[in-house]
Amino acid sequence: MRADNPSSQAAFAKAAAYLERQPLVSNHRPLSWITQHVCQIVEERAPKWWWILTFLFGGMATLVPAMLTYLVSTGVGVWGLNVPVCWAWDITNFVFWIGIGHAGTLISAILFLTRQKWRTSINRSAEAMTIFAVICAGIFPAFHVGRVWMAWFLAPIPNANAIWQNFRSPLLWDVFAVSTYFTVSLIFWYLGLIPDLASLRDRATTRLRQMAYGLLALGWRGSNRHWTHYEKTYLILAGISTPLVLSVHSVVSFDFATSIVPGWHTTIFPPYFVAGAIFGGFAMVLTLLIPFREIYHLHDLVTDKHIDNMCKIILLTGSLVGYAYSMEFFIAWYSGNPFEIYAFTNRAFGPYWWAYWAMITCNVAAPQLFWFKYCRQNPWVVLAIVMFPNTGMWFERFVIIVTSIHRDFLPSSWGYFSPTWVDISLFIGTIGLFVFLFLLFVRFLPIINMFEVKGITPQADPHAHDAEENHAHSRQTPTHTPSQVHA
Amino acid sequence: MSHSPSPLPSAEKLRLESLGILPVLFPLIGVIGLVSAFVWGLMTNPMQLAFSYLFAFTVGFTICAGALFWTLLHHALDADWSVLMRRILESIASCFPVLLLLFLPVIFLFSRELWHWMTTDLSEDPLLAWKRPFLNEPFFYLRCGFYLLFFSVAGMLYRNLSMRQDLDGDPRITLRLRHTAYGFIPLFVLCLTFAGFDWLMSLDHHWYSTMWGVYLFAGCAQSSMAILILVTNGLVRTGHLKGLFTVEHNHIMGMLLFAFTTFWGYISFSQYFLQWYANIPEETWFFVYRNTGSWYAYSIFLVVGHFFIPFILLLTQPAKRTPWRICATAAWVVLMHCVDIYWIIMPNLQLQQSRHAGHAAATTGFHPHLLDLLALVGVLGVLGHTVLWLLSRGSIFPARDPRLRESLAVTNWL
């Protein structure tokens with residue numbers, strides 16, 4: 001195939017150049033630059049925009065306690081729920097936020113176990129996002145129980161009333177699945193923060209800062225023993241977290257799929273929900289990361305390659321979700337069950353047709369734009385496109401939940417759900433809470449995992465000196481283990 | 001990542017003489033197995049032969065489909081670690097033309113024995129009447145042809161272009177294969193899903209599960225990874241890939257085998273669990289048939305053998321890095337894949353037999369037949385011979401692949 005003419009040789013060389021691996025840290029940044037650049041986000045005075053945004057979203061977040069107070073003092077009836085639609089925005093929002101919380105642990109655990117080095121510069125912020133999303137999620141089912149002060153009955157604690165949980169209910173498994181996921185994600189995130197907290201402590205210029213980061217760093221000294229323990233624990237936690245990532249949304253899908261409601265009961269639900277959660281989670285990671293990458297000039301750490309990879313994951317998971325939609329539709333027809341067939345035609349052409357087609361457009365059609373390189377390489381185009389999955393994944397849950405139950409088997413039990421102002425305000429409140437918590441995180445904790453990024457730089461490669469022969473501009477001393485890379 | 005600029009290894013031929021009796025054994029058992037199965041089966045029990053043969057064909061088909069999946073995935077993800085083993089995957093995935101031939105008896109001899117819907121009177125079965133636009137013979141054969149043609153073209157394309165790259169190391173071939181993979185993966189997914197619906201799910205045409213395609217895929221990916229482990233280690237054991245294949249490759253293949261063992265467990269559990277919990281009659285029959293008589297013990301064995309045993313065997317690092325341990329586990333996984341396919345297909349034989357005897361459809365229990373073994377040995381012998389023949393046609397690894405150097409230097413540490 002190799003032709004002798006010059007144009008063919010040029011194409012040959014172009015293809016070879018195209019196959020060159022992109023470095024994960026651009027511009028040959030030295031290790032000290034990484035520390036300085038990430039730490040100064042936390043160390044410099046809070047910029048004006050940060051105060052404005054924090055007040056704005058913090059203000060929005062106050063809707064959460066306000067609406068919840070109103071709800072508890074008046075009753076769950078302030079939401080638009082009524083027979084036959086007894087699950088609507090509350091459970092939609094719960095599943096929406098839980099789904100967003102999937103990307104973080106996927107990046108930190110599954111991509112760690114599969115040795116995906118590009119995860120290092122995005123895992124910290126994605127994990128933080130996971131935790132904030134799960135906090136937002138937990139609010140809805142906790143208050144949906146009605147008497148929230150009785151919510152502790154969900155825990156299997158022997159009590160005077162001899163009330164014991166129904167362990168056969170997927171709703172109870174949800175309690176365990178979500179709380180376990182939250183706990184493990186939090187520990188995982190905090191564990192990964194410790195070496196970087198120690199860096200902040202060591203760089204602290206005020207006593208208060210030194211004390212605060214010193215306490216959080218748990219006496220980290222970066223000794224060989226510390227690193228050995230750290231890396232073992234991290235690997236074990238990654239192993240524990242991996243099944244958790246899959247289990248949480250599988251259990252959430254069981255809430256629906258174990259029932260016999262047409263439109264809810266289908267066997268593909270567990271992997272379909274997990275794919276959808278990763279899809280929505282990555283969209284949210286990009287939504288948050290792209291603006292902060294611009295503001296803090298993190299282009300050398302969160303490179304175009306990182307964004308490109310995440311776009312591809314969105315394209316893949318969006319297509320998997322599309323596969324699940326089509327399987328549901330095909331099998332509903334193939335089953336020959338009139339109720340199944342009705343549930344799906346009603347979904348697409350019934351009163352909620354707009355929600356269904358919004359879901360298809362946002363989740364299946366829009367991500368297909370990521371087939372085009374141009375769309376993956378321009379961060380602002382990416383940001384515009386990921387707004388579709390962000391919206392579409394909310395619609396997906398709304399479509400599944402509301403359209404399946406708004407027309408019961410008897411036409412006398414048909415209804416149409418409309419949200420009340422309390423439904424809407426509470427959801428807006430959780431968006432405020434989510435962004436507010438993320439802004440606090442950006443301000444007080446290093447948003448990039450510094451020591452892990454250093455571990456994947458060319459300088460950290462034991463064979464770096466081999467490279468020096470080829471790349472004269474490599475100025476760093478070779479280092480051998482992540483422990484020694486810790487600046 | 002930078003590497004010391006050592007020279008790339010030169011192409012390596014398969015030395016058939018080092019493989020002992022295998023090059024003779026495969027065609028021998030292939031011919032003996034198939035001929036004896038057909039002669040004996042057609043004379044004594046054509047229906048048993050039909051199901052035994054479909055079982056054997058499906059085992060071969062799923063392993064080859066899995067190999068095609070790994071080849072496409074390798075290119076789509078621009079992977080590096082798997083370059084060294086890719087020619088083996090390509091050779092297994094190039095067996096589809098043979099599978100196309102092996103499928104002809106299914107169409108011309110067995111289809112009406114196998115698929116009850118082909119012989120059912122529509123007036124007796126309104127559900128089938130509803131499904132007629134999909135479940136009718138012309139459309140069914142058309143689809144079968146499409147799947148097998150697509151798999152054949154895809155498998156051969158990937159092997160041929162990869163072989164051509166051995167000559168000049170043209171990086172444009174890598175790019176071309178990568179871009180083709182993006183288009184082929186969705187087609188692969190649809191073909192595999194609907195092949196699963198047509199050949200297996202419609203054996204009992206009242207039953208349905210949206211998970212079916214994913215379930216079949218899990219088995220394909222897992223069993224083909226096990227086969228890859230066995231073939232690669234077999235080649236290393238016979239003196240091939242010397243100095244190229246390292247313990248790290250075994251470790252990665254072991255991790256993927258572990259991952260897909262868990263994935264199979266997850267998918268099969270979800271499918272079973274959701275139908276058991278909802279307890280809707282038209283769905284639960286599938287499992288009721290497979291929990292009747294000794295099928296019950298067989299089903300339990302499937303759960304333990306297909307998931308728990310390999311899960312435990314693969315959990316630790318030494319289990320993946322010690323050649324004999326990972327090979328033993330991989331062999332077990334292949335066996336369990338056969339057990340799984342048998343469990344899917346064979347209860348339907350008893351349903352057909354009871355229908356033909358004029359009784360209500362029912363299963364009796366696990367009754368293996370010698371024809372099952374003969375057909376399986378025959379199909380696997382033919383496929384094994386094809387793979388060896390394809391492997392002997394060129395280098396056993398892509399010697400001029402631009403990512404070969406990375407594949408040789410792969411490690412499992414961040």
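1. Start with a loop: A:Asn27 sits between helix H1 (6-18) and helix H2 (31-43) of chain A. Helices here are DSSP runs of H or I with at least four residues, and strands are E runs of at least two, numbered from the N terminus. A:Asn27 is not a glycine, yet its phi is positive, at about 60 degrees. With 53% relative accessibility, A:Asn27 counts as exposed; the cut-offs are under 20% relative accessible area for buried, over 50% for exposed and partly exposed in between, using a 1.4 Å probe and protein chains only.

2. Some housekeeping before going on. This is a predicted model, in which local features need pLDDT of at least 70 and side-chain atom pairs count only at pLDDT 80 or more, while totals for chains, interfaces and linings use all residues. Residues are numbered from 1 along each chain as its sequence is written, chains are lettered from A and ligands numbered from 1 in the order in which they are written, and side-chain values use heavy atoms, leaving out hydrogens and water.

3. Two other backbone spots in chain A are worth a look. A:Leu218, in the loop between helix H9 (207-216) and H10 of chain A, has a positive phi near 55 degrees despite being a residue other than glycine. A:Leu218 is exposed, at a relative accessible area of 56%. Then there is the cis peptide bond between A:Val83 and A:Pro84, with omega about 5 degrees; A:Pro84 is in the loop between helix H4 (63-74) and H5 of chain A.

4. On to helix packing in chain A. Helix H5 (residues 89-100) and helix H10 (residues 224-257) of chain A cross at roughly 160 degrees, and their axes come within 10 Å. The axes are lines fitted to C-alpha atoms over the stretch in contact, with angles from 0 to 180 degrees between N-to-C directions. H5(A) and H10(A) are therefore roughly antiparallel (over 145 degrees; under 35 is roughly parallel, 65 to 115 roughly perpendicular, and the rest oblique). Residues of H5(A) in contact, including A:Phe94 and A:Ile98, meet residues of H10(A), including A:Val248 and A:Phe256, where contact means heavy atoms within 4.5 Å. By class, this contact has seven nonpolar, two polar and one charged residues.

5. Chain B has a helix pair of its own to check. Helix H11 (residues 295-313) and helix H13 (residues 323-356) of chain B pack at about 155 degrees, with axes 10 Å apart. That makes H11(B) and H13(B) roughly antiparallel to each other. Among the residues meeting here are B:Trp295 and B:Tyr298 in H11(B), and B:Trp332 and B:Met336 in H13(B).

6. For A:Cys311, the nearest cysteine sulfur is that of A:Cys375, 8.9 Å away. A:Cys311 is buried, at 0% relative accessible area. For B:Cys64, the nearest cysteine sulfur belongs to B:Cys95, 4.6 Å away. B:Cys64 is also buried, at 2%.

7. B:Gln271 is in helix H9 (residues 247-278) of chain B and is buried, at 2% relative accessible area. Leaving out residues up to four places away in sequence, B:Gln271 touches A:Thr267 as well as chain B residues including B:Trp207 and B:Phe287. B:Val387, in helix H14 (residues 370-391) of chain B, counts as buried at 12%.

Definitions and conventions. Nonpolar A, V, L, I, M, F, W, Y, C, P; charged D, E, K, R; others polar. Disulfide = S-S within 2.5 Å.
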